[in-house]
Amino acid sequence: MLIMAIKKNQICAICGNRFTIMEGLFLRDLSDLLKEQVIHTNSYAKESSFICLKDLQKLRISKMQDVIDNDLKIDHEMSDKLKKELAKETYVIKNINDTVYGKRTRGQKLADGVAKFGGSWGFIIAFTIILIVWMTINVIHLFGVNFDPYPFILLNLFLSCVAAIQAPIIMMSQNRQAERDRFDSENDYKTNTKSEMEIRILHEKIDQLNEVQWPHILDIQKMQIEVLSEIENEIQSLRAENKPKKERNTRHPHRD
């Protein structure tokens, strides 16, 4: 009984029960995180205060849970921030083909067709053939036809009319292309702004991971190592206590 009284001479600063020195640790031997947790729980704790293993486990679990909850809260806040920014109308991306080409009138379609054909090799070759045939007929009087003699005044009038009609038609198509370019630039701006916002949030998450969460993970691993060390010490103490008992039983075997 005297030995038991001597062994259980440490009073836990949290629960107030008595324990042996192997059943806990002193406050000065704890990590900084656990020290803060103990002082927050018991403001009267000192460096020489004793904390039992059971209360230490509770403090560790509580601290781990607080760290995890805080990190998850920050992650959720960042995710909600990103969702709110992307939900704004300024980040809506539209299909240019639907907005520009989906609402064309017949005149606009005709203008686009004329501009497309007028800027092709097919138009140049066909127009060159027409000019050659026209001048050949009027120079050599093919089949007795001579409706536009040299210097081809009717041909010049025809070319002037074609140029005068073709120019505004091409300008109409160019105006539509300018409108498309404006939609493209606006759409590119929205896309770049959306990408920039996503990259900014991702940078914040990476900074949060590197600067806060990784140190927290290391602290949690330290706590786990401390727990394993305490378990190992307790196992060694139990082995040390059981070894003398086995030796005594071996020296003094039971006799029938």
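Guide: Buried means under 20% relative accessible area, exposed over 50%, and partly exposed in between, using a 1.4 Å probe and protein chains only. This is a predicted model, where local features need pLDDT of at least 70, side-chain atom pairs count only at pLDDT 80 or more, and totals for chains, interfaces and linings use all residues. Residues are numbered from 1 along each chain as its sequence is written, and side-chain values use heavy atoms, leaving out hydrogens and water.

Visitor: Which helix has the highest mean pLDDT?

Guide: pLDDT is the predictor's confidence in each residue, from 0 to 100, and helices are DSSP runs of H or I with at least four residues, numbered from the N terminus. The protein averages a pLDDT of 77. Among its elements, helix H1 (residues 2-7) has the lowest mean, 46, and the highest, 89, belongs to helix H6 (residues 121-140).

Visitor: How far apart are the end C-alpha atoms of H6?

Guide: The expected span of a helix is 1.5 Å times one less than its number of residues. H6 has 20 residues, so it should span 28 Å. The model agrees, with the end C-alpha atoms of H6 at a distance of 28 Å.

Visitor: What arc do the buried residues of H6 cover?

Guide: The buried residues of H6 are Phe123, Phe127, Trp134, Ile137 and Asn138. The arc is that of the directions from the helix axis to the C-beta atoms. These residues are on the same side of H6, because they cover an arc of only 95°.

Visitor: Which exposed residues sit on the face of H6 turned away from its buried side?

Guide: Look at the opposite face of the helix. The face of H6 turned away from its buried side carries the exposed residues Trp121 and Ile140.

Visitor: Why do the buried residues of H5 line one face of the helix?

Guide: Helix H5 covers residues 106-118, and Ala111, Asp112 and Ala115 are buried in it. Seen down the axis of H5, they line one face because they fall within an arc of 100°.

Visitor: Is Asp32 buried or exposed?

Guide: Asp32 has its place in helix H2 (residues 32-41). Its relative accessible area is 57%, so Asp32 is exposed.

Visitor: How far apart in space are Asp32 and Asp219?

Guide: In sequence, Asp32 and Asp219 are 187 residues apart. In space, C-alpha to C-alpha, the distance between Asp32 and Asp219 is 9.9 Å.

Methods. Helix = DSSP H or I, 4+ residues; strand = E, 2+ residues; numbered from the N terminus.
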